[in-house]
Amino acid sequence: MILTAVQAVQAVQAVQQTAQGSGFLSPTGVEIAFLLVGLVTLGAAVVTVTTRQLVHAALWLVVALGGLAVEYLLLTAEFIAWVQVLIYVGSVVVLLLFGLMLTKAPIGRSPDTDSANRPVAFAVALAAAAALVWVVVDAFRTTWIDLDGAVQGSTEVTGSVLFRHWVLPFEALSVLLLAALVGAIVLSRKKNEGER
């Protein structure tokens with residue numbers, strides 16, 4: 001009986017040590033999934049900008065944007081994840097493919113999509129990424145999360161921030177997408193009239 005009680009205490013202590021030991025060196029399943037999905041998303045984004053086939057680039061963009069939605073789900077920001085799926089994967093990519101079809105973009109490899117400026121583009125991309133990381137790290141260096149307030153990814157907080165601080169960029173993006181759609185229709189009509 002005493003031996004069983006000692007074994008039970010030892011088992012509880014082992015569980016407590018395991019629970020306390022989970023940290024940076026022993027990641028959880030969610031952290032591993034976040035890393036793996038992040039790598040897939042990064043790979044899809046790289047293929048999107050390096051492929052020479054426009055339709056394939058649009059389809060790889062779907063994978064990259066879908067990976068971002070999964071990352072939002074893993075961060076427990078479900079509303080933002082579904083907005084990502086509905087707006088970006090559902091609308092923007094469909095608009096892009098619609099524009100490609102209306103302008104009769106070439107299917108397959110296109111010599112027009114290749115440029116000799118790849119080193120310059122790579123340098124600009126690295127500089128933009130470094131600037132973005134620096135701005136984000138600098139902006140959130142002294143930010144504290146209020147654990148007693150509303151959840152950061154919730155609909156209430158997102159709607160409040162969106163309609164207080166980001167209304168103008170949100171509306172500007174919708175006008176830009178509308179202009180892209182109208183431009184694709186105008187370009188396709190000019191080509192059709194030229195063929196007659």
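How much space lies in the largest pocket? The volume is about 1000 Å³. Please note that the structure on display is a predicted model.

**First stop: the largest pocket.** Select Y72, I80, V83, T158 and L162, which lie nearest the centre of the largest pocket among the 25 residues that line it. Next, colour helix 3 (54-74), helix 4, helix 6 (155-165) and helix 7 (167-195), the elements that each give two or more residues to this lining. Helix 6 contributes the most, with 7 residues.

**Second stop: helix 4.** Select residues 78-102, the 25 residues of helix 4. Within helix 4, highlight A81, Q84, V92, V93, L95, G99 and L100, which are its buried residues.

Move to T76, which is located in the loop between helix 3 and helix 4. Most residues other than glycine have a negative phi. T76, although not a glycine, has a positive phi of about 60°. Its side of the tour ends with the surface: with a relative accessible area of 48%, T76 counts as partly exposed, because that class lies between 20% and 50%.

Notes
Residues are numbered from 1 along each chain as its sequence is written. This is a predicted model: local features need pLDDT of at least 70, side-chain atom pairs count only at pLDDT 80 or more; totals for chains, interfaces and linings use all residues. Side-chain values use heavy atoms; hydrogens and water are left out. Helices (H or I, at least four residues) and strands (E, at least two) are DSSP runs, numbered from the N terminus. The expected span of a helix is 1.5 Å times one less than its number of residues. Buried means under 20% relative accessible area, exposed over 50%, partly exposed in between (1.4 Å probe, protein chains only). On a 1 Å grid over the protein atoms alone, a cavity is a set of points where a 1.4 Å probe fits but cannot get out, and a pocket is an open set with protein on both sides within 12 Å along at least five of seven lines; lining residues have an atom within 4 Å of a point. Grid points are joined across faces, edges and corners, and a volume is the space filled by probe spheres set on the points.
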